Amino acid sequence: MLYDAVIVAEKPAVALAFAKFLGEGKYRRVFVEGVPSYVFHFRGGDYLSIGLTGHILDFDFPREYNEWNAVDPKKLFFIDPILVVREGAYKYVKALKALALKTSHAILALDADVEGEGIAFEVIRIMSQANPNLEFKRAWFSAVTKWDILNAMQNLREPNELWAKKVFARMVVDLTVGASFTRLLTLAVQRQKSMLPLGKFLSYGPCQTPVLYLVVKRELEREQFKKKKYYVIVAELEADGHVITASANLGEDKEKAASALALAKREEFATVVLSEASIVEVSPPVPLNTIDFESRASAFLNIRPKEALAIAEKLYQYGYISYPRTETTIYPPTLNLSQLASMFTSWEDIGWYVTKILQKGLTPTRGREDDKAHPPIHPTKVASRAGLLRAMGEKAWRVYELVVRHFLATLSEKAQVEKQRVVARLGGVELSAEGRRVVYPGFYYVYYYARPEEKPLPYLVEGDRLRVRSLRLEERSTQPPPYLSESELLALMKRYGIGTDATMQDHIHTNIERKYFVVRERRCIPTPLGKTLILSLLEVEPRLVLPEIRGKMESLLAKVASGEREASEVVAEIKETFLEYYENVAAKIDAISQKLVPVIAEVYRPDGNQQAGLFPRNRGLRGGRKKSKKAKE
DNA sequence: GCAAGGTC
């Protein structure tokens, strides 16, 4: 045997970390079937570590079932998908099989989560085909640090097959459900000669579709919203050379408002009847996980979640930040926070601030989640603006800066904000004004993104007289709720358990790709196609689109992982449920596709100005849809 | 050509 053990990691960086930490810095890079691997000595033995890139195997249907036009999609519920090697993953299969013959022990150093356990059993399956006598152990580490890795090697575990079964069950049901409904919808509109371009399709998925539902739901709320007019008196009042704008809501009655204004106009001075202020403490944010990161990149930097994660991935590969896919919001005790923070004492604008918080002693904020696999996102290397700008571009710098500043914010003090309120009487109306002042910046100093705009009011006491500089009556109307922002959408997905930290941005992206919704000015706006799809499904089978659906599937699948239920039983139960939904949709599929065909034409219009059809600002969502419906009649 | 989940 060449190696005392072969270590298989989920990603190249972890394979390298095992070599570095266990080999005490001495290791040699080799290629096994083209896959970079590391050879090193550990406690008198010879080891090799190899890194995969996630899953190697996947499920697919037997070939004859992949002829869309020749197979009734319903049949997909009655066959078993088969395991296949993923595209591009064949080199890992060859490498693992070759290594299986060169050792008697394989150490499965995959991430410490169910998905890692699934990948572990893919590795077991592949390696034991080449060497049936191979023994497998699982290394369980919750951070890629020397301590955690050494500890994992000393406490090797048995692989947990139940967890892997849960993963494979999920793969099977997602494929069956997704493929059957996607084909049902796509084939139906194709039969009606829709404008759907070749290679495009209408998809359904247990994550993507509930996400679309949430976006459409907000659109419906906006449509149903009834605007109401109301009247507001706005006054500019002068106090010690300061001008404050104060207002009073006079309600919906225009005539009453006008007479109140007339009364107020007779007065030259308003009298302060209330002046109050209170200091509110604002805590710094908790350590950064993926969803929070995506949400803040969208809100603070106006960078799409998908792009933000891709940039973070690159920053990670170049060693600037830690692994960007994590649910954890608690710094592990092994992370040397002061060492990390002190990297930034060299930054020109905030260096002194970092020195100051280091001297005070660091008390990091702490969230509630710990995925036991990866620490919160934090900087791992210092970069200069000019350097990073040159190496990776402007957006990379902004993302990096956000990670750094967020990290420093979590080590900072609370901010103190004074909230002020003044009420002044003028004729019969009470005008009020609100102000805000940052009394103590605390973490706002480094985390300017979150700093509130200051609008301080002058210091006033009851009885002060304020000269009226101007007075006017404004007609305003109540506003419908805005379209969902991406950060709200991410928060909702998390609440309903739709997707994982690593995939949530994908589900948003899939909907955009399918032209189900667009993101404009950080808001998610459904297209006529997305809206029609949701409304149609809602009518025939609401259980398919309501956001609880993913959570329900997940809780059933969790019973496989816990050993309460057999995987085959759970798969059968979920398939049966969806088969019922499928029958309900299939029964109405002609009516559904008749509604879909015109809106497909609208979002895929060939006039080279597709966007115009998508953006309600230019055309109006409702106007657009009506038009195309009429055209059909 | 379908999904969602890893990862690049």
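Helix axes are here lines fitted to C-alpha atoms over the stretch in contact, and angles between them run from 0 to 180 degrees between N-to-C directions. Helices (H or I, at least four residues) and strands (E, at least two) are DSSP runs, numbered from the N terminus. The model is predicted, so local features need pLDDT of at least 70 and side-chain atom pairs count only at pLDDT 80 or more, while totals for chains, interfaces and linings use all residues. Residues are numbered from 1 along each chain as its sequence is written, chains are lettered from A and ligands numbered from 1 in the order in which they are written, and side-chain values use heavy atoms, with hydrogens and water left out.

**Exercise 1. Describe how helix α5 packs against helix α17.**

Step 1. Two packed helices are described by the angle between their axes and the distance between the axes. For α5 (residues 161–191) and α17 (residues 548–562) the angle is about 145 degrees, and the axes lie 7 Å apart. The crossing of α5 and α17 is right-handed, a term used when the near helix is turned clockwise from the far one by less than a right angle.

Step 2. Contact means heavy atoms within 4.5 Å. From α5, residues including L162, W163, K166 and V173 take part, and they meet residues of α17, among them M553, E554, L557 and A561. The residues of this contact divide into 9 nonpolar, 1 polar and 6 charged, where Ala, Val, Leu, Ile, Met, Phe, Trp, Tyr, Cys and Pro count as nonpolar, Asp, Glu, Lys and Arg as charged, and the others, Gly among them, as polar.

**Exercise 2. Determine whether K166 is buried or exposed, and list its contacts beyond neighbours within four places in sequence.**

Step 1. Buried means under 20% relative accessible area, exposed over 50%, and partly exposed in between (1.4 Å probe, protein chains only). K166, a residue of helix α5, has a relative accessible area of 11% and is therefore buried.

Step 2. With neighbours within four places in sequence left aside, K166 is in contact with V114, E554, L557, A558, V560 and A561.

**Exercise 3. Classify the ring pairs F40–Y47 and W347–W397.**

Step 1. Rings of Phe, Tyr and Trp (its six-membered ring) pair if their centres lie within 6.5 Å; planes under 30 degrees apart count as stacked, over 60 as edge-to-face and the rest as tilted. The structure holds 27 aromatic pairs.

Step 2. The ring centres of F40 and Y47 are 5.9 Å apart and their planes stand at 15 degrees, so this pair is stacked. F40 is buried at 2% relative accessibility, and Y47 is buried with a relative accessible area of 13%.

Step 3. W347 and W397 make a tilted pair, with 5.5 Å from centre to centre and 45 degrees between the planes. Because W347 lies in the loop between α10 (337–342) and α11 (351–360) and W397 in helix α13 (residues 394–410), the pair ties together parts that are 50 residues apart in sequence. Both W347 and W397 are buried.
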